[in-house]
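Reader: I am new to this structure. Please show me how to read it, one feature at a time.

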Amino acid sequence: MSICDIIIKKRDGGELSQGEIEHFIGGYVAGEVPDYQAAAWLMAVYFRGMTPAETMRLTEAMAFSGETLDLHDVAPLILDKHSSGGVGDKTTLVIGPVVAGLGVPVGKMSGRGLSFSGGTLDKLESIPGLNVMLKIEQFKKQLREIGLVIAGQTQELAPADGKLYALRDVTGTVPSLPLIASSIMSKKIAAGADAIVLDVKVGEGAFMHTDAEAIELAELMVKIGRGLGRRMAALIGDMNQPLGLAVGNALEVSEAIETLHGRGPDDFRQHCVDVAGEMLLIAGAAESPAAGRAKAAGTLVDGSAWAKFRQFVGAQGGDVAFVDDPRKLPQAPVVRPLAAPRAGYVAGLDAGEVGRTVVDLGGGREKKGDPVDPAVGVMLAPEGKVGGHVAAGQTLLWVHARTDGVAQAALARLAAAYRVEDEPVAAPPLIHHIIR
Ligand code: URA
(Lines give C-alpha, C1' and ligand atoms only; values in the text may rest on other atoms or scores of the structure.)
Protein backbone atom coordinates (compact mmCIF):
# COMPACT_ATOMS: atom_id res chain seq x y z
CA MET A 1 0.00 0.00 0.00
CA SER A 2 1.27 3.50 -0.68
CA ILE A 3 1.39 6.28 1.90
CA CYS A 4 -0.74 8.38 -0.44
CA ASP A 5 -3.44 5.66 -0.41
CA ILE A 6 -3.43 5.72 3.41
CA ILE A 7 -3.84 9.50 3.39
CA ILE A 8 -6.68 9.26 0.86
CA LYS A 9 -8.42 6.53 2.85
CA LYS A 10 -8.39 8.69 5.96
CA ARG A 11 -9.30 11.83 4.03
CA ASP A 12 -12.40 10.02 2.77
CA GLY A 13 -13.38 8.87 6.27
CA GLY A 14 -12.18 5.26 6.12
CA GLU A 15 -11.04 3.25 9.15
CA LEU A 16 -7.33 2.39 8.97
CA SER A 17 -6.25 -1.15 9.70
CA GLN A 18 -3.41 -2.07 12.02
CA GLY A 19 -1.18 -2.79 9.02
CA GLU A 20 -1.88 0.59 7.45
CA ILE A 21 -1.23 2.47 10.68
CA GLU A 22 1.98 0.52 11.37
CA HIS A 23 3.17 1.11 7.80
CA PHE A 24 2.55 4.85 8.09
CA ILE A 25 4.10 5.27 11.57
CA GLY A 26 7.07 3.01 10.77
CA GLY A 27 7.76 4.91 7.54
CA TYR A 28 7.53 8.27 9.24
CA VAL A 29 9.91 7.29 12.04
CA ALA A 30 12.36 5.83 9.52
CA GLY A 31 12.38 9.13 7.62
CA GLU A 32 10.79 7.53 4.53
CA VAL A 33 7.54 9.48 4.88
CA PRO A 34 8.22 13.20 4.47
CA ASP A 35 6.71 15.85 6.75
CA TYR A 36 4.37 17.08 4.00
CA GLN A 37 2.68 13.67 3.76
CA ALA A 38 2.58 13.29 7.54
CA ALA A 39 1.02 16.77 7.79
CA ALA A 40 -1.65 15.85 5.22
CA TRP A 41 -2.41 12.66 7.14
CA LEU A 42 -2.65 14.56 10.44
CA MET A 43 -5.10 17.01 8.88
CA ALA A 44 -7.17 14.12 7.54
CA VAL A 45 -7.29 12.59 11.04
CA TYR A 46 -8.13 16.00 12.49
CA PHE A 47 -11.20 16.33 10.24
CA ARG A 48 -12.29 12.69 10.02
CA GLY A 49 -11.42 11.46 13.54
CA MET A 50 -10.74 7.84 14.39
CA THR A 51 -12.78 5.05 15.92
CA PRO A 52 -11.74 3.98 19.45
CA ALA A 53 -10.26 0.77 17.96
CA GLU A 54 -8.28 2.78 15.43
CA THR A 55 -7.01 5.12 18.18
CA MET A 56 -5.89 2.08 20.16
CA ARG A 57 -3.98 0.79 17.09
CA LEU A 58 -2.35 4.19 16.60
CA THR A 59 -1.37 4.35 20.27
CA GLU A 60 0.27 0.94 20.14
CA ALA A 61 2.08 1.68 16.88
CA MET A 62 3.45 4.91 18.39
CA ALA A 63 4.33 3.33 21.75
CA PHE A 64 6.23 0.52 20.04
CA SER A 65 7.91 2.80 17.46
CA GLY A 66 11.00 2.65 19.68
CA GLU A 67 12.00 0.74 22.75
CA THR A 68 9.65 0.33 25.68
CA LEU A 69 10.96 0.42 29.22
CA ASP A 70 10.41 -2.36 31.69
CA LEU A 71 11.21 -0.72 35.00
CA HIS A 72 10.33 -3.59 37.30
CA ASP A 73 13.98 -4.16 38.11
CA VAL A 74 13.94 -0.60 39.48
CA ALA A 75 10.71 -0.67 41.49
CA PRO A 76 7.58 -2.84 41.67
CA LEU A 77 5.30 0.02 40.62
CA ILE A 78 6.12 3.12 38.60
CA LEU A 79 3.72 6.00 38.78
CA ASP A 80 3.15 8.70 36.17
CA LYS A 81 0.80 11.58 35.40
CA HIS A 82 0.11 13.55 32.27
CA SER A 83 -1.72 16.76 31.50
CA SER A 84 -3.64 17.15 28.25
CA GLY A 85 -2.23 20.67 27.98
CA GLY A 86 -3.07 23.99 29.55
CA VAL A 87 -1.87 27.51 30.29
CA GLY A 88 0.25 28.06 33.40
CA ASP A 89 0.22 24.31 33.96
CA LYS A 90 3.51 23.72 35.76
CA THR A 91 1.97 20.92 37.81
CA THR A 92 4.57 18.25 37.00
CA LEU A 93 7.34 20.36 38.54
CA VAL A 94 5.58 20.13 41.90
CA ILE A 95 3.78 16.80 41.74
CA GLY A 96 6.82 14.77 40.71
CA PRO A 97 8.79 15.84 43.81
CA VAL A 98 5.72 15.55 46.07
CA VAL A 99 5.01 11.94 45.13
CA ALA A 100 8.65 10.85 44.83
CA GLY A 101 9.32 12.61 48.15
CA LEU A 102 6.88 10.13 49.69
CA GLY A 103 8.91 7.23 48.34
CA VAL A 104 6.72 6.36 45.32
CA PRO A 105 8.92 6.41 42.18
CA VAL A 106 7.86 8.73 39.34
CA GLY A 107 9.38 8.09 35.92
CA LYS A 108 7.89 10.64 33.59
CA MET A 109 8.11 11.32 29.91
CA SER A 110 6.99 14.90 29.30
CA GLY A 111 6.46 17.09 26.25
CA ARG A 112 7.41 20.48 24.89
CA GLY A 113 5.07 23.41 24.36
CA LEU A 114 2.21 22.52 22.04
CA SER A 115 0.26 25.29 20.31
CA PHE A 116 -0.75 27.79 23.06
CA SER A 117 -0.08 25.34 25.90
CA GLY A 118 3.28 25.28 27.65
CA GLY A 119 5.47 22.17 27.92
CA THR A 120 7.27 20.83 30.98
CA LEU A 121 10.50 20.23 29.05
CA ASP A 122 10.71 23.84 27.86
CA LYS A 123 10.07 25.01 31.42
CA LEU A 124 12.76 22.77 32.87
CA GLU A 125 15.28 23.92 30.28
CA SER A 126 15.12 27.43 31.75
CA ILE A 127 17.31 25.98 34.52
CA PRO A 128 20.86 26.21 33.13
CA GLY A 129 22.46 22.85 32.47
CA LEU A 130 19.33 20.77 33.01
CA ASN A 131 19.20 17.95 30.46
CA VAL A 132 15.87 16.40 29.50
CA MET A 133 17.17 14.20 26.67
CA LEU A 134 18.19 11.16 28.67
CA LYS A 135 19.40 7.80 27.45
CA ILE A 136 17.45 4.81 28.70
CA GLU A 137 20.28 3.77 31.03
CA GLN A 138 20.37 7.24 32.57
CA PHE A 139 16.59 7.25 32.95
CA LYS A 140 16.72 3.96 34.84
CA LYS A 141 19.75 4.88 36.94
CA GLN A 142 18.20 8.11 38.12
CA LEU A 143 14.87 6.46 38.84
CA ARG A 144 16.67 3.83 40.92
CA GLU A 145 18.84 6.35 42.74
CA ILE A 146 16.46 9.20 43.51
CA GLY A 147 13.00 7.95 42.47
CA LEU A 148 12.26 10.87 40.13
CA VAL A 149 13.05 11.43 36.48
CA ILE A 150 11.44 13.76 33.92
CA ALA A 151 12.60 13.30 30.35
CA GLY A 152 11.53 13.85 26.75
CA GLN A 153 11.03 11.48 23.86
CA THR A 154 14.27 10.41 22.25
CA GLN A 155 15.13 8.35 19.20
CA GLU A 156 14.87 5.42 21.60
CA LEU A 157 11.56 6.08 23.37
CA ALA A 158 8.31 6.80 21.50
CA PRO A 159 10.11 8.49 18.58
CA ALA A 160 6.85 8.57 16.59
CA ASP A 161 5.29 10.85 19.18
CA GLY A 162 8.39 13.04 19.25
CA LYS A 163 8.12 13.67 15.50
CA LEU A 164 4.35 13.89 15.20
CA TYR A 165 4.06 16.14 18.27
CA ALA A 166 6.45 18.70 16.78
CA LEU A 167 4.62 18.56 13.44
CA ARG A 168 1.15 18.92 14.99
CA ASP A 169 2.35 21.96 16.89
CA VAL A 170 2.93 23.89 13.67
CA THR A 171 0.22 22.48 11.39
CA GLY A 172 -2.98 23.32 13.29
CA THR A 173 -3.63 19.66 14.11
CA VAL A 174 -3.31 19.64 17.91
CA PRO A 175 -6.94 19.66 19.14
CA SER A 176 -7.90 16.22 17.87
CA LEU A 177 -9.18 13.63 20.29
CA PRO A 178 -7.45 10.56 18.73
CA LEU A 179 -4.19 12.48 18.19
CA ILE A 180 -4.09 13.72 21.79
CA ALA A 181 -5.07 10.34 23.24
CA SER A 182 -2.48 8.42 21.20
CA SER A 183 0.23 11.01 21.87
CA ILE A 184 -0.24 10.95 25.62
CA MET A 185 -0.82 7.24 26.04
CA SER A 186 2.00 6.14 23.70
CA LYS A 187 4.50 8.08 25.82
CA LYS A 188 3.13 6.63 29.03
CA ILE A 189 3.24 3.08 27.71
CA ALA A 190 6.76 3.46 26.26
CA ALA A 191 8.12 4.90 29.50
CA GLY A 192 6.97 1.87 31.49
CA ALA A 193 4.39 3.43 33.81
CA ASP A 194 2.22 0.94 35.70
CA ALA A 195 -0.23 3.47 37.11
CA ILE A 196 -1.19 6.71 35.38
CA VAL A 197 -3.25 9.70 36.50
CA LEU A 198 -4.48 11.88 33.65
CA ASP A 199 -5.01 15.58 34.24
CA VAL A 200 -7.42 16.43 31.43
CA LYS A 201 -8.01 20.14 31.03
CA VAL A 202 -11.22 21.77 29.87
CA GLY A 203 -11.96 25.35 28.89
CA GLU A 204 -10.67 28.25 26.81
CA GLY A 205 -7.05 27.42 27.58
CA ALA A 206 -7.38 23.70 26.81
CA PHE A 207 -7.76 21.60 23.68
CA MET A 208 -11.13 20.36 24.91
CA HIS A 209 -13.66 23.17 25.31
CA THR A 210 -16.60 21.36 26.91
CA ASP A 211 -16.89 18.93 29.80
CA ALA A 212 -18.45 16.38 27.44
CA GLU A 213 -15.39 16.48 25.12
CA ALA A 214 -12.96 16.32 28.03
CA ILE A 215 -14.76 13.37 29.58
CA GLU A 216 -14.79 11.60 26.20
CA LEU A 217 -11.01 12.10 25.90
CA ALA A 218 -10.40 11.00 29.48
CA GLU A 219 -12.57 7.89 29.12
CA LEU A 220 -10.84 6.96 25.86
CA MET A 221 -7.37 7.21 27.44
CA VAL A 222 -8.48 5.34 30.56
CA LYS A 223 -9.82 2.57 28.31
CA ILE A 224 -6.60 2.41 26.28
CA GLY A 225 -4.51 2.26 29.45
CA ARG A 226 -6.64 -0.39 31.11
CA GLY A 227 -6.65 -2.37 27.86
CA LEU A 228 -2.86 -2.45 28.15
CA GLY A 229 -2.97 -3.52 31.78
CA ARG A 230 -2.33 -0.14 33.42
CA ARG A 231 -4.02 1.26 36.52
CA MET A 232 -5.76 4.45 35.41
CA ALA A 233 -7.56 7.46 36.86
CA ALA A 234 -8.39 10.87 35.40
CA LEU A 235 -9.32 14.30 36.66
CA ILE A 236 -11.10 16.88 34.52
CA GLY A 237 -9.63 20.23 35.57
CA ASP A 238 -10.73 23.78 34.82
CA MET A 239 -8.62 25.70 32.29
CA ASN A 240 -10.77 28.72 31.54
CA GLN A 241 -8.23 30.97 33.25
CA PRO A 242 -4.50 30.23 33.68
CA LEU A 243 -3.53 27.90 36.52
CA GLY A 244 -1.70 29.87 39.22
CA LEU A 245 -0.32 33.30 38.40
CA ALA A 246 2.70 32.61 36.16
CA VAL A 247 2.60 31.80 32.43
CA GLY A 248 5.98 31.49 30.67
CA ASN A 249 8.87 29.12 31.12
CA ALA A 250 11.16 30.61 33.79
CA LEU A 251 8.28 32.43 35.50
CA GLU A 252 6.53 29.09 35.94
CA VAL A 253 9.66 27.43 37.31
CA SER A 254 9.87 30.21 39.93
CA GLU A 255 6.22 29.72 40.86
CA ALA A 256 6.71 25.97 41.16
CA ILE A 257 9.67 26.61 43.49
CA GLU A 258 7.54 28.94 45.62
CA THR A 259 4.92 26.22 45.85
CA LEU A 260 7.50 23.59 46.77
CA HIS A 261 8.42 25.89 49.66
CA GLY A 262 4.81 25.75 50.89
CA ARG A 263 3.84 29.09 49.40
CA GLY A 264 2.60 29.78 45.84
CA PRO A 265 -0.92 30.58 44.61
CA ASP A 266 -3.76 28.71 46.32
CA ASP A 267 -5.40 27.37 43.14
CA PHE A 268 -2.15 25.95 41.82
CA ARG A 269 -1.13 24.42 45.15
CA GLN A 270 -4.58 22.86 45.59
CA HIS A 271 -4.53 21.44 42.06
CA CYS A 272 -1.13 19.84 42.68
CA VAL A 273 -2.39 18.36 45.94
CA ASP A 274 -5.51 16.99 44.18
CA VAL A 275 -3.55 15.29 41.39
CA ALA A 276 -0.82 13.99 43.71
CA GLY A 277 -3.50 12.67 46.08
CA GLU A 278 -5.03 10.66 43.21
CA MET A 279 -1.60 9.34 42.30
CA LEU A 280 -0.97 8.13 45.84
CA LEU A 281 -4.40 6.53 45.89
CA ILE A 282 -3.92 4.67 42.62
CA ALA A 283 -0.45 3.53 43.72
CA GLY A 284 -1.90 2.09 46.93
CA ALA A 285 0.14 4.57 48.99
CA ALA A 286 -2.99 6.17 50.48
CA GLU A 287 -6.17 4.48 51.66
CA SER A 288 -8.56 7.27 50.58
CA PRO A 289 -8.58 10.37 48.36
CA ALA A 290 -8.55 12.59 51.47
CA ALA A 291 -5.58 10.71 52.95
CA GLY A 292 -3.70 11.02 49.65
CA ARG A 293 -4.30 14.77 49.56
CA ALA A 294 -3.24 15.19 53.20
CA LYS A 295 0.00 13.29 52.59
CA ALA A 296 0.74 15.30 49.46
CA ALA A 297 0.04 18.62 51.19
CA GLY A 298 2.35 17.60 54.04
CA THR A 299 5.38 17.32 51.73
CA LEU A 300 4.96 20.97 50.73
CA VAL A 301 5.28 22.13 54.32
CA ASP A 302 7.83 19.68 55.74
CA GLY A 303 10.41 20.42 53.02
CA SER A 304 10.54 16.88 51.59
CA ALA A 305 9.11 17.83 48.17
CA TRP A 306 11.55 20.74 47.88
CA ALA A 307 14.49 18.50 48.84
CA LYS A 308 13.44 15.98 46.17
CA PHE A 309 13.14 18.71 43.51
CA ARG A 310 16.64 19.98 44.31
CA GLN A 311 18.01 16.45 44.11
CA PHE A 312 16.25 15.92 40.77
CA VAL A 313 17.61 19.18 39.29
CA GLY A 314 21.14 18.22 40.27
CA ALA A 315 20.77 14.65 38.98
CA GLN A 316 19.73 15.94 35.52
CA GLY A 317 22.68 18.32 35.35
CA GLY A 318 20.86 21.50 36.37
CA ASP A 319 22.68 24.18 38.33
CA VAL A 320 20.96 24.13 41.74
CA ALA A 321 22.19 27.66 42.47
CA PHE A 322 19.46 28.84 40.07
CA VAL A 323 16.67 27.06 41.91
CA ASP A 324 18.06 28.01 45.32
CA ASP A 325 17.80 31.61 44.18
CA PRO A 326 15.21 31.79 41.35
CA ARG A 327 16.02 35.49 40.80
CA LYS A 328 19.02 34.12 38.89
CA LEU A 329 16.72 32.42 36.33
CA PRO A 330 16.40 34.20 32.96
CA GLN A 331 14.65 37.56 33.37
CA ALA A 332 13.00 39.61 30.60
CA PRO A 333 14.42 43.13 30.23
CA VAL A 334 10.98 44.80 29.91
CA VAL A 335 8.15 44.37 32.44
CA ARG A 336 4.91 46.33 31.85
CA PRO A 337 1.67 46.34 33.92
CA LEU A 338 -1.87 46.06 32.58
CA ALA A 339 -4.20 48.40 34.48
CA ALA A 340 -7.84 47.50 35.16
CA PRO A 341 -10.04 49.66 32.89
CA ARG A 342 -12.62 50.15 35.66
CA ALA A 343 -13.43 49.04 39.19
CA GLY A 344 -15.23 45.71 39.54
CA TYR A 345 -14.93 41.95 39.76
CA VAL A 346 -12.87 39.89 37.34
CA ALA A 347 -15.49 37.77 35.58
CA GLY A 348 -13.28 36.15 32.96
CA LEU A 349 -9.77 35.91 31.55
CA ASP A 350 -9.41 33.88 28.36
CA ALA A 351 -6.58 31.46 29.16
CA GLY A 352 -6.20 30.52 25.48
CA GLU A 353 -5.50 34.13 24.57
CA VAL A 354 -2.98 34.40 27.42
CA GLY A 355 -1.24 31.27 26.09
CA ARG A 356 -1.20 32.57 22.49
CA THR A 357 0.15 35.91 23.68
CA VAL A 358 3.00 34.18 25.52
CA VAL A 359 3.82 32.18 22.37
CA ASP A 360 3.97 35.47 20.42
CA LEU A 361 6.20 37.01 23.08
CA GLY A 362 8.64 34.22 22.17
CA GLY A 363 7.74 31.72 24.91
CA GLY A 364 6.49 29.12 22.39
CA ARG A 365 7.16 28.06 18.80
CA GLU A 366 5.87 29.39 15.48
CA LYS A 367 7.83 26.84 13.45
CA LYS A 368 9.13 23.36 14.18
CA GLY A 369 12.44 23.53 16.04
CA ASP A 370 12.19 27.26 16.89
CA PRO A 371 14.05 28.10 20.11
CA VAL A 372 11.85 29.31 22.98
CA ASP A 373 12.66 32.35 25.08
CA PRO A 374 12.72 31.21 28.71
CA ALA A 375 12.39 34.71 30.18
CA VAL A 376 9.20 36.09 28.63
CA GLY A 377 5.64 35.58 29.84
CA VAL A 378 2.76 36.95 31.84
CA MET A 379 2.46 37.24 35.61
CA LEU A 380 -1.05 37.75 36.97
CA ALA A 381 -1.73 39.77 40.11
CA PRO A 382 -3.69 37.69 42.67
CA GLU A 383 -6.62 40.12 42.17
CA GLY A 384 -6.37 39.55 38.40
CA LYS A 385 -7.82 36.03 38.75
CA VAL A 386 -11.52 35.30 38.26
CA GLY A 387 -13.46 36.42 41.35
CA GLY A 388 -10.88 39.08 42.29
CA HIS A 389 -11.95 42.65 42.98
CA VAL A 390 -9.95 45.49 41.44
CA ALA A 391 -10.03 49.27 41.68
CA ALA A 392 -9.88 51.28 38.44
CA GLY A 393 -6.23 51.43 37.35
CA GLN A 394 -5.11 48.60 39.65
CA THR A 395 -2.65 46.16 38.06
CA LEU A 396 -4.26 43.00 36.67
CA LEU A 397 -1.03 41.47 35.34
CA TRP A 398 2.48 42.19 34.16
CA VAL A 399 3.87 41.35 30.71
CA HIS A 400 7.53 40.23 30.64
CA ALA A 401 8.93 40.93 27.17
CA ARG A 402 12.09 41.55 25.17
CA THR A 403 11.08 45.01 23.88
CA ASP A 404 8.58 47.70 24.73
CA GLY A 405 6.87 47.36 21.33
CA VAL A 406 6.21 43.67 21.82
CA ALA A 407 5.03 44.30 25.39
CA GLN A 408 2.53 46.97 24.25
CA ALA A 409 1.06 44.66 21.61
CA ALA A 410 0.68 41.93 24.23
CA LEU A 411 -1.00 44.34 26.68
CA ALA A 412 -3.60 45.31 24.06
CA ARG A 413 -4.48 41.65 23.45
CA LEU A 414 -4.63 40.82 27.13
CA ALA A 415 -6.85 43.83 27.87
CA ALA A 416 -9.34 42.38 25.37
CA ALA A 417 -9.08 38.94 27.03
CA TYR A 418 -10.36 40.30 30.36
CA ARG A 419 -13.95 40.83 31.51
CA VAL A 420 -14.50 43.05 34.56
CA GLU A 421 -18.10 43.34 35.80
CA ASP A 422 -20.05 44.99 38.60
CA GLU A 423 -21.48 41.90 40.27
CA PRO A 424 -19.37 39.59 42.47
CA VAL A 425 -18.20 36.43 40.67
CA ALA A 426 -17.29 33.14 42.35
CA ALA A 427 -13.90 31.58 41.57
CA PRO A 428 -14.53 28.57 39.26
CA PRO A 429 -14.19 25.02 40.65
CA LEU A 430 -10.73 23.54 40.02
CA ILE A 431 -11.92 19.99 39.36
CA HIS A 432 -15.06 19.34 37.29
CA HIS A 433 -15.07 15.55 37.38
CA ILE A 434 -13.00 12.54 38.50
CA ILE A 435 -12.85 9.10 36.86
CA ARG A 436 -11.51 6.44 39.22
N1 URA B 1 0.12 16.28 25.73
C2 URA B 1 0.68 15.40 24.89
O3 URA B 1 1.65 14.72 25.23
N4 URA B 1 0.17 15.27 23.67
C5 URA B 1 -0.89 15.97 23.24
O6 URA B 1 -1.31 15.79 22.13
C7 URA B 1 -1.48 16.90 24.13
C8 URA B 1 -0.94 17.04 25.37
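Predicted model: local features only at pLDDT ≥ 70, side-chain atom pairs only at ≥ 80, totals over all residues.

Reader: Which residues touch the most other members of the largest nonpolar core?

Author: The general idea comes first. In soluble globular proteins, nonpolar side chains tend to be buried together. Here the largest nonpolar core has 109 residues. Val99, Leu198 and Val399 touch the most other members. Domain 2 (79–326) and domain 3 (330–421) both supply residues, so this core lies between them. There is also a second, separate core of 22 residues, and its members include Tyr28, Leu58, Ala160 and Leu164.

Reader: Into which domains is the protein chain divided?

Author: The division gives domain 1 (3–49), domain 2 (79–326) and domain 3 (330–421). For domain 1 and domain 3, the C-alpha centres are 38 Å apart.

Reader: Now the sheets. What is the strand order in the open sheet of 4 strands?

Author: The order is β6-β9-β11-β7, and the pairing is antiparallel. β6 (246–247) and β7 (334–339) are the edge strands. Each has a single partner strand, so one side of each has no neighbour in the sheet.

Reader: How many bridges pair β9 with β11?

Author: β9 (residues 377–380) and β11 (residues 395–401) pair over 4 bridges, in the antiparallel sense. Follow the residues across. Gly377 faces His400 in β11. Val378 stands opposite Val399 in β11. That Val399 is one of the residues that touch the most other members of the largest core.

Reader: And how many bridges join β6 to β9?

Author: 2 bridges join them, and the two strands run antiparallel. Ala246 stands opposite Met379 in β9.

Reader: Which strands do helices α16 and α17 lie across?

Author: Take each helix in turn. Helix α16 (residues 351–363) lies across β6, β9 and β11, and runs at about 140° to β9. Helix α17 (residues 404–417) lies across β7, β9 and β11, at about 25° to β7.

Reader: What is the strand order in the open sheet of 3 strands?

Author: The order is β10-β8-β12, again with antiparallel pairing. At the edges stand β10 (389–390) and β12 (418–421). Each has a single partner strand, so one side of each is left without a neighbour in the sheet. β8 (residues 344–349) is joined to β10 by 2 bridges. Tyr345 has His389 in β10 as its bridge partner. Helix α17 comes back here: it lies across β8 and β12, running at about 45° to β12.

Reader: What does Leu338 touch?

Author: Leave out residues up to four places away in sequence. Leu338 then touches Gln394, Thr395, Leu396, Leu397, Leu411, Leu414, Ala415 and Tyr418. Look at Gln394. Leu338 and Gln394 are 56 residues apart in sequence, yet 8.2 Å apart in space, C-alpha to C-alpha.

Reader: Next, the backbone. Which residues have a positive phi although they are not glycine?

Author: Here is the general idea. Most residues other than glycine have a negative phi, and most peptide bonds are trans. Ser115 has a positive phi of about 55°. Ala158 has one of about 45°.

Reader: Where do Ser115 and Ala158 lie?

Author: Ser115 is in the loop between β2 (106–109) and α6 (120–124). Its relative accessibility is 30%, so Ser115 counts as partly exposed. Ala158 is in the loop between β3 (148–151) and α8 (159–169). Its relative accessibility is 0%, so Ala158 counts as buried.

Reader: One last feature. How many disulfides does a search of the whole structure find?

Author: The search finds 0. Cys4 is partly exposed, at 39% relative accessible area. Cys272 is buried, at 2%.

How values were computed: Residues numbered from 1 in each chain as written. Heavy atoms only, no water. Core = buried A, V, L, I, M, F, W, Y, C linked by side-chain atoms within 4.5 Å. Buried < 20%, exposed > 50% of the residue type's maximum accessible area, 1.4 Å probe, protein only. Domains from an automatic or database assignment. Pairing = 2+ DSSP bridges. Contact = heavy atoms within 4.5 Å. Axes fitted to C-alpha atoms, helices over the stretch in contact; angles between N-to-C directions. Disulfide = S-S within 2.5 Å.
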